[in-house]
Amino acid sequence: MKAKKFLALFSALAVGASLCAFAACNDPSGPDDPDDSDNPNPPQITYGLPVAGRGHYIKDSDLLQDGETRWLVYTTNETSGEEDNVIAVRKAAFEEGENKGWAYGEEKIVLGGETGKWDENIGSASLVKGEFTLDSEEYGWMIAYCATDTSNETQYQIGLAVAKTPDGEWKKVSETPVIEFDGDVYGATSVGCYAPSLVNMDKGSKIRLFYTYADVYGHFARFYDFDAANLDTIELSGVNQCPNNGGIEGGDAVPMFPNADFAYDAQTGRIYAVKDVSPSASINPQYATRIQLLYIAEGELETIEAGEGWVGVRTWDSTDTPDAEYERLYGACILSDAYGHVAAGAAEIIYNVCELEADNEDYLFTQNLTTLNVTLN
């Protein structure tokens, strides 16, 4: 996350896709009883995915379902009209009834950058449930987030934070990033390590941290494995680069894997990914306008032997946005359970839409989420 995902280079199963009408899925509605005199300022409820307020954006989402509760994590801007990113969380419960459905509560900002530190400018985040300990305190949730001390969305690195509930108080694991990027070595203008995506492989403390690595040569999917039971001492495995063969779509001489979100199907042993489709070199600016869903056998991630590679399931483009209105779609995530697992069958993909700079000078503040349903092979 799930993604993650920038308005910059690459910022950016049989499948039956049914696109949820944007207006219906994103209709902010008030509480059932607007005349609640006991509470003159009742919490605002949004049925369907929330829509950013004026001068704000919602992007880079991660959506989990923990039993009867959904947790939506995303990047937004704290100040209207500014690009001061923070990580926000909303909690949702399902409500039966006409024009209802998943009812999201109010936005809570849970994580921000710190001036003068490596994570001054936060990018995107991914959420996962598990069993974690930090400073002898037990926690049930972890966020991986990308951030940088530059102001131009380059040289991102990745850090971790923990909390007892997703809408609770978050504690950063350390003062330094867990995954570093050296701009002096790999390119000061490179995006770095971004789009973290967490999967709890054993639903305990065995974590796989996927991310996009971007240097001067391109954008590639990588991951580390580590035991997060004791976060006072994190021992990452050697870095693993995901295979780059198979049905990967893109406009590059070498297949790219930018801005991806990952999920695990333990029953089939597959790793699913939804990623931006990198644009061809002739497109300027280099904004992603398509997303692709793929899967690969888990064993192929853990061997240097060449296998079949990624199987492309489906690609979506502007015709799949609400009323085919938006030319850009990007930054998708797969709805998973609280541990980043999915099961074969119906699934949901959340993705970003946005207007173009050529059409709207305030295009940054048109970034919002929408959804489509798919069937995993």
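**A sheet and its setting**

Modeller: C333 is buried, its relative accessible area being 0%; here buried means under 20% relative accessible area, exposed means over 50%, and partly exposed lies in between, with a 1.4 Å probe and protein chains only. This is a predicted model, in which local features need pLDDT of at least 70 and side-chain atom pairs count only at pLDDT 80 or more, while totals for chains, interfaces and linings use all residues. Residues are numbered from 1 along each chain as its sequence is written, and side-chain values rest on heavy atoms, with hydrogens and water left out.

The chain has 377 residues, of which 54% are buried. It exposes about 15,700 Å², and 44% of that comes from carbon and sulfur atoms; such areas are computed by the Shrake-Rupley method with a 1.4 Å probe, and for residues only the protein chains shown count as cover. Its secondary structure amounts to 2 helices and 24 strands. Both are DSSP runs numbered from the N terminus: helices are H or I with at least four residues, strands E with at least two.

Strands of a sheet pair through backbone hydrogen bonds, either parallel or antiparallel. Two strands count as paired if DSSP finds at least two bridges between them. β11, residues 157-163, pairs with β12 in the antiparallel sense over 2 bridges. V162 has K171 of β12 as its bridge partner.

Between β9 and β10 (137-148) runs a loop that contains D135. D135 is not a glycine, yet its phi is positive, about 50°. Most residues other than glycine have a negative phi. With a relative accessible area of 47%, D135 is partly exposed. Beyond this sheet, K203 lies in the loop between β13 (192-200) and β14 (206-215). K203 likewise is a residue other than glycine with a positive phi, near 60°, and its relative accessible area of 38% makes it partly exposed.

Finally, the cysteines: the structure holds 0 disulfides, a disulfide being a pair of cysteine sulfur atoms within 2.5 Å. C193 counts as buried at 1% relative accessibility. The closest cysteine sulfur to that of C193 is in C146, 9.4 Å away, which is too far for a bond.
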